[in-house]
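Please find below a note on the model under review. It is set out as numbered points for reading beside the coordinates.

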Amino acid sequence: MATDVLVPPLGQTVDTVTLVTWYKREGEAVTQGEKLYAIETDKATLDIEAPASGILRHITAQPGQKVRVLSPIARILAPGEEAEAVPAPTPPAAPAGAPVPPTPAPAPAMKPPTTPPAGRIFISPRARRLAEEHNVPWQTLQGTGPQGAIVERDVRAYLQSQAAVKAPPVTIGPAITPPAVAVMQTIPLEGSRAVIAQRMLESRQTTAPVTLMSEADATALVELRRQFHEAGIPVSYNDIFLYIAGRALRQFPRLNASLEGETIRLWDEVHIGLAVDTERGLLVPVVRDADRKRLADIARETQRLIERARAGQLTPEEMSGGTFTITNLGMYDVDAFTPIINLPQCAVLGIGRIVERPAVFQGVIAVRHRVWLSLTFDHRLIDGAPAAQFLQRIIQWVEMPHLLLI
């Protein structure tokens with residue numbers, strides 16, 4: 001029985017992928033479950049398994065070609081079986097054209113100055129004073145004010161015209177050729193890099209991003225993590241922030257939301273994506289139900305996802321369905337930054353480095369661990385005040401993590 005080879009669905013935000021390679025050639029035998037081909041999304045290159053055993057036939061998509069999800073791109077037949085060819089996949093729709101700029105309205109016709117009564121020239125006091133200061137023969141000017149009166153702008157126009165006449169001619173020298181700059185390497189903007197670029201630009205152009213920044217005293221959080229490590233519980237700062245953000249999102253569901261068309265959806269589940277830097281680019285695996293998991297469970301889950309991300313083994317399910325995102329650049333000594341919203345989510349939390357600084361603590365100067373937090377949110381979905389309250393709650397739990405036990 002013939003089995004179509006379909007491009008798998010990859011979440012709500014992915015409708016097109018790029019075929020990277022076929023691991024089998026047409027006419028070769030394949031076994032259900034073995035790697036059949038690879039595709040590339042905006043987040044990763046994924047190996048897709050054969051859906052059935054048999055002979056690979058009727059390949060219609062080639063490496064480098066963009067194809068829609070759920071498109072049939074080949075067929076697996078039983079030995080000796082014949083079947084109709086697979087229709088060529090429908091090419092992805094071209095992006096909508098740039099909006100046509102509105103045609104500027106024609107400038108209103110200038111009202112011609114009214115001719116003053118014969119033998120008399122009217123001039124405003126300001127115009128007369130300006131004319132006398134610069135020895136302007138105002139009697140010769142054509143007034144543009146009421147009843148043809150000479151007003152200040154007429155005098156200033158005369159002065160500008162005289163300045164232009166007196167200005168020395170500009171000597172245009174030979175064209176200057178900028179010095180050539182040696183190119184070390186040219187990198188085509190394609191594959192996952194091109195998709196990331198398109199997604200980041202789309203986020204900037206289609207959202208109303210606002211970033212709130214605030215510095216928190218992380219001394220208690222640092223001490224808490226040290227005690228976990230002494231107890232043999234290896235948790236990272238990312239794990240703790242995931243734990244805190246999950247509880248905060250449960251209290252502020254407007255931040256755990258997405259905009260789909262004209263509808264704002266508040267999600268009942270809290271799935272937090274964690275931005276991970278890999279050799280293939282930025283990947284965002286998702287920790288599901290982060291608001292219900294214990295800290296130790298989150299730590300194990302993030303460790304597993306990070307290892308799979310850096311090995312290029314994440315599945316589409318592990319990277320889809322996120323309702324909020326956390327990104328941390330503290331390990332690169334970055335204090336604060338403005339993260340970009342991961343569409344179609346409502347917000348993203350940026351975490352800076354945790355560093356010791358002098359600070360006022362209980363009325364005296366003391367050395368404290370400080371951390372900058374940056375919350376970028378889509379102002380179309382939520383206002384600044386509730387977003388600030390969400391950030392305030394996170395800061396409260398960073399500074400007093402024991403309150404999470406209540």
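1. Basis of the note. This is a predicted model, in which local features need pLDDT of at least 70, side-chain atom pairs count only at pLDDT 80 or more, and totals for chains, interfaces and linings use all residues. Residues are numbered from 1 along each chain as its sequence is written, and side-chain values use heavy atoms, with hydrogens and water left out.

2. The sheet. Six strands form an open sheet with mixed pairing, in the order S9-S18-S17-S16-S12-S15. Strands (E, at least two residues) and helices (H or I, at least four) are DSSP runs numbered from the N terminus, and two strands pair if DSSP finds at least two bridges between them. S9 (209-217) and S15 (286-287) stand at the edges with a single partner strand each, so one side of each has no neighbour in the sheet.

3. Helices on the sheet. Helix H4 (residues 219-230) packs on the sheet and touches S9, S17 (347-361) and S18 (364-378); contact means heavy atoms within 4.5 Å. The direction of H4 makes about 95 degrees with that of S18. Helix H8 (residues 384-399) lies across S9, S16, S17 and S18, and runs at about 25 degrees to S9. Axes are lines fitted to C-alpha atoms, for helices over the stretch in contact, and angles run from 0 to 180 degrees between N-to-C directions.

4. The S12 and S16 pair. S12 (residues 272-274) and S16 (residues 324-328) run parallel and are joined by three bridges. Leu274 stands opposite Ile326 in S16.

5. Asn256. This residue lies in the loop between helix H5 (237-251) and strand S10 (257-260). Asn256 is buried, at 1% relative accessible area (buried is under 20%, exposed over 50%, partly exposed in between, with a 1.4 Å probe and protein chains only). The side chains of Asn256 and Thr323 are joined by a polar contact of 2.5 Å, that is, a pair of N or O atoms within 3.5 Å; within protein, one must be able to donate a hydrogen and the other to accept it, and residues adjacent in sequence count only if both atoms are side-chain atoms.

6. Backbone points to inspect. The peptide bond between Leu343 and Pro344 is cis, with omega about 0 degrees, and Pro344 is in the loop between S16 and S17. Asp289, a residue other than glycine, has a positive phi near 55 degrees. Asp289 is partly exposed, at 25% relative accessibility.
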